[in-house]
Amino acid sequence: MRTCLLLLTAAVVVTITVLCHIRSKASLGFATTLSSSVPSKPDFEKEIKPILSNRCQPCHFPGGKVYDRMPFDEPETITRLGTKLFTRIKDEKERDLIRQFLAN
Ligand code: HEC
């Protein structure tokens with residue numbers, strides 16, 4: 001009888017330990033998914049425009065020859081051109097920022 005009780009207690013302890021372990025793993029996984037799948041939208045003025053004004057002057061900025069058709073100081077131009085911009089922007093970090101901007 002004693003051994004039986006002892007065994008039962010042991011079984012319960014093991015079950016609880018295993019369950020806790022699975023739960024903590026699951027919630028960790030959930031947290032990482034959340035933070036990586038919902039990046040905040042990059043700010044156009046602070047994060048996107050500087051990339052373009054560093055690289056695409058003077059043509060796509062006021063006074064430039066394609067400013068009338070493709071002004072890069074307006075967020076709409078970026079959403080309209082989308083990944084076409086990547087023909088000229090090769091830096092992966094900059095591309096990622098632009099992708100995030102487009103996705104949101
Ligand atoms: C020396 C001037 C100049 C610079 C600098 C320049 N562009 Fe342009 N870009 C042009 C001209 C001119 C056109 C129009 C080509 C046409 O439609 O015939 C154009 C067109 C484009 C287009 C449209 C292409 C298409 O297929 O519709 C994209 C996208 C573009 N540029 C991106 C960029 C990006 C991004 C940069 C900076 C990394 C940049 N350009 C820098 C002159 C420039």
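**Entry 1: Helix H2 and its neighbours.** I began with the buried residues of H2, which pack against helix H3 (75-81) and helix H4 (92-103). For packing I counted contacts, meaning that the C-beta atoms of two residues, placed from the backbone, lie within 7 Å. I took helices (H or I, at least four residues) and strands (E, at least two) as DSSP runs, numbered from the N terminus.

I recorded that this is a predicted model, in which local features need pLDDT of at least 70, side-chain atom pairs count only at pLDDT 80 or more, and totals for chains, interfaces and linings use all residues. Residues are numbered from 1 along each chain as its sequence is written.

**Entry 2: The sides of H2.** Which residues of H2 are buried? I found Ile-48, Ile-51 and Leu-52. They cover an arc of only 90° around the axis, which puts them on the same side of H2; the arc is that of the directions from the helix axis to the C-beta atoms. The face turned away from this buried side carries the exposed residues Glu-45, Lys-46 and Asn-54. A residue counts as buried if 20 or more other C-beta atoms lie within 10 Å of its own, as exposed if 12 or fewer do, and as partly exposed in between, with C-beta atoms placed from the backbone.

I also checked the length of H2: at 1.5 Å a residue its 12 residues should span 16 Å, and the end C-alpha atoms are 16 Å apart, which agrees. The expected span is 1.5 Å times one less than the number of residues.

**Entry 3: The core.** I looked up the largest nonpolar core and found 6 residues: Ile-48, Ile-51, Leu-52, Phe-72, Ile-78 and Ile-98. Helix H2 (residues 44-55) gives the most to this core, with 3 residues. Such a core is a set of buried Ala, Val, Leu, Ile, Met, Phe, Trp, Tyr and Cys residues joined through C-beta atoms within 7 Å. Leaving aside residues up to four places away in sequence, Ile-98 touches Ile-48, Leu-85 and Ile-89.

**Entry 4: The whole chain.** I counted 4 helices and 0 strands. Buried residues make up 7% of the 104 residues.

Entry 5: I listed the residues surrounding the ligand, among them Cys-56, Cys-59, His-60, Met-70 and Arg-88; a residue is included if its C-beta atom, placed from the backbone, lies within 6 Å of the ligand. Lastly, I noted a cis peptide bond joining Gln-57 and Pro-58, with omega about -10°. Pro-58 lies in the loop between H2 and H3.
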